[in-house]
Amino acid sequence: MTEMLRNEGLKRVRMRLITAVVFVFTLTCSGSFGMEDVVSSSGPGMTLLMILILPLVWSVPMAFVASELGSMVPEAGGLYRWIRRGMGEYWSFQAGWWWTLSLYVDSAVYVALALDYMEAKWGFGGGTRALIGIAIVAVFTFINIRGLELTGWSLTIIQIGVMVPLLVFTVWGIIVGSGNPFSPILPDGESVLTSMNLGLAIMMWMYSGWESLSTLAGEIENPQKVIPKALLIGTPLVIATYFFTVFAAIRVASIDGPGNWANMWTGGGGVDFVEAAQMIGGGVLAYLMLMSAILSNLGLYAGYLATGARPQFQMSRDRLLPKFLGLTHKSWGTPWAAILLMAIVNAVLINFNFSALITIDVFLLMFPYVLIFLTVIVLRVKEPDAPRSFRVPMPTALLGVWVAFPIAIAIIALFVNGTDWMIGGLAGILTGPIAYLVFKNIYTGTTDEALEGSTLTPTGELTEFGAVVEGAGA
Amino acid sequence: MKGQKMANYAAIAGVVAGAFAIGGGLYAHSAKPIFGIPQFFGIYSQYLSGVHVLMGIGVVMVVGGLLSFKWPSIGGIIVCSAAMLGLIYAYNRGQYRWSPMLYYWWGPWLFAWIAGIFAGYAAYKNVPQSNEKLADARHAESSGA
């Protein structure tokens with residue numbers, strides 16, 4: 001065994017499986033708010049079919065691939081380190097950079113959405129909105145810097161607050177609602193392809209995030225076992241949540257007439273989950289549903305603040321980003337500088353109109369996804385015998401065929417989101433090579449042999465540190 | 001230089017990106033497509049027409065490409081930054097943004113990205129990675145060694 005260094009200053013916590021599942025659920029679902037727009041644009045039947053079918057070719061492959069790669073390379077930074085192992089420093093930097101950039105914008109969106117819900121209900125002014133926004137960011141920044149244990153507890157409480165009203169609504173809605181939610185399959189005059197246009201983009205968004213938990217691998221005991229298990233439990237849970245809540249919402253909307261699904265949208269004036277709750281449960285259920293929607297966005301923010309900060313921390317430790325991003329808190333063992341920088345950017349963004357920046361979001365996320373799918377195949381070929389506690393149960397060739405579907409979907413998504421997204425995204429992509437050329441020349445990068453927190457040697461054997469990680473939960 | 005082959009590829013891709021932009025500008029000069037009014041972020045000038053911007057950025061890309069033969073990192077940064085600026089310009093066209101993107105900016109973008117990739121590979125080969133374990137480096141720093 002080769003001696004290699006643990007990530008100095010990072011503290012590992014014992015994360016219970018249930019907490020890891022809550023993390024996965026938060027990062028990939030956190031309620032069904034936003035699905036209303038899919039129903040009105042793609043038709044009720046098509047929405048329910050997409051909820052059931054899309055995971056087979058989009059999120060289940062990602063969950064399985066993330067499980068295999070996470071069990072093989074259970075290192076801080078997650079996807080960034082997987083891609084480094086499979087495709088080298090250049091592409092891992094690109095993936096880490098794009099993913100981080102995307103999450104800087106994305107996480108701010110969740111705070112903005114929570115504020116939108118609050119503002120619609122309580123109608124406060126711009127100054128109050130800014131103060132509440134900054135307070136939200138500050139609270140979750142502290143929780144994240146305090147450590148994964150507190151973050152896990154917070155997410156658990158938040159998800160209880162999200163799911164209890166949704167469960168009540170779902171059961172009640174299915175009982176008192178009317179009509180067949182699968183009918184009609186498509187909106188009048190639409191083909192399968194045209195109806196899927198907007199719906200597919202939203203649905204892909206709703207079914208993303210399976211790779212995120214892996215970025216915390218450097219701070220969890222026994223990550224190579226806990227994370228794959230959590231992903232495999234979380235996958236059916238997320239599908240079931242989406243299916244039954246949307247099923248109920250369509251039935252509730254149909255109380256006002258069989259074609260009322262066409263009025264399901266978010267953003268005011270339409271039948272969203274809050275309005276649907278009002279229809280069957282009156283003000284009390286509507287209020288609880290509003291709380292659920294606000295908590296859902298706050299949970300997403302807390303989760304993505306945690307996971308979004310880790311790749312940049314590890315890239316800094318690998319001498320590819322400024323040194324201060326690699327700082328850890330002396331007592332709590334968390335990458336506080338990376339978390340704080342992300343929070344500051346979020347706090348600034350939520351006080352400006354950043355709609356132009358959102359356009360780069362989906363685009364930048366799709367490229368790392370493609371690289372992750374390619375990496376799993378490359379590593380199967382390059383290091384077939386490297387230890388993996390979880391292996392997707394299919395031969396490499398078949399796995400290649402399976403991951404070709406999500407790669408194709410990711411590429412299609414680049415073109416179906418509209419001109420704004422495409423131009424903004426293409427410009428965002430070019431920041432990757434520019435950033436690499438700048439930071440590589442300043443900080444030089446680290447050889448594979450000197451990488452901190454590496455569990456495998458460059459030849460695919462367990463390092464001494466890797467052996468400690470393997471045995472951490474034993 | 002270890003990465004000279006990659007630097008050469010970066011240079012060629014950068015020059016091709018510039019040639020696409022200049023060629024697009026020349027074509028647009030005769031085809032006269034609708035690019036919107038000649039402005040960029042509120043600055044109005046006849047030199048900010050679609051044709052002028054395409055050709056101007058094309059020239060910058062060619063220069064960046066040529067620099068890449070000797071200094072791939074500098075050349076790559078110039079080529080990619082120019083393409084990014086071009087895309088932001090196309091985005092800034094408002095309702096007319098799709099046409100410049102679809103017909104004129106895809107080529108410069110694609111080859112600029114390829115130039116950036118090769119420049120990145122050249123940098124990877126040319127800039128020696130640190131082999132010092134980070135913890136040792138930090139220890140040396142803190143002890144003033």
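Residues are numbered from 1 along each chain as its sequence is written, and chains are lettered from A and ligands numbered from 1 in the order in which they are written. Since the model is predicted, local features need pLDDT of at least 70 and side-chain atom pairs count only at pLDDT 80 or more, while totals for chains, interfaces and linings use all residues.

The model scores ipTM 0.92 and pTM 0.92. The mean pLDDT (the predictor's confidence in each residue, from 0 to 100) is 91 for chain A, where 97% of residues reach 70 or more. For chain B the mean is 88, with 91% of residues reaching 70 or more. Within chain A, confidence is highest in helix H7 (residues 148-176), at a mean of 97, and lowest in helix H12 (residues 355-358), at 69.

Chain A holds 16 helices and zero strands; here helices (H or I, at least four residues) and strands (E, at least two) are DSSP runs, numbered from the N terminus. Its radius of gyration is 22 Å, close to the 23 Å that the globule rule gives for 474 residues, so chain A is as compact as a globular protein of that length. This radius is taken over C-alpha atoms, and the rule is 2.2 Å times the number of residues to the power 0.38. Along the principal axes, the C-alpha atoms of chain A fill a box of roughly 70 × 50 × 45 Å.

Of the 474 residues in chain A, 59% are buried. A residue is called buried if 20 or more other C-beta atoms lie within 10 Å of its own, exposed if 12 or fewer, and partly exposed in between, with C-beta atoms placed from the backbone. Helix H4 (residues 59-72) of chain A is mostly covered, with 14 of its 14 residues buried.

The largest nonpolar core has 203 residues, of which Ala17(B), Ala83(B) and Ala112(B) touch the most other members. Such a core is a set of buried Ala, Val, Leu, Ile, Met, Phe, Trp, Tyr and Cys residues joined through C-beta atoms within 7 Å. H5(A) gives the largest share of this core, 24 residues. Not counting residues up to four places away in sequence, Ala112(B) touches Leu430(A) as well as several residues of chain B, including Met61(B) and Val79(B).

Ile294(A) lies in helix H10 (residues 273-317) of chain A and is buried, with 22 other C-beta atoms within 10 Å. Beyond its neighbours within four places in sequence, Ile294(A) is in contact with Ala114(A), Tyr117(A) and Met118(A).

Some backbone details deserve a look. A cis peptide bond, with omega about -5°, joins Ser183(A) and Pro184(A); Pro184(A) sits in the loop between H7 and helix H8 (192-206) of chain A. Asn222(A) has a positive phi of about 55° although it is not a glycine, and it counts as buried with 20 C-beta neighbours inside 10 Å.

Note on methods
Contact = placed C-beta atoms within 7 Å.
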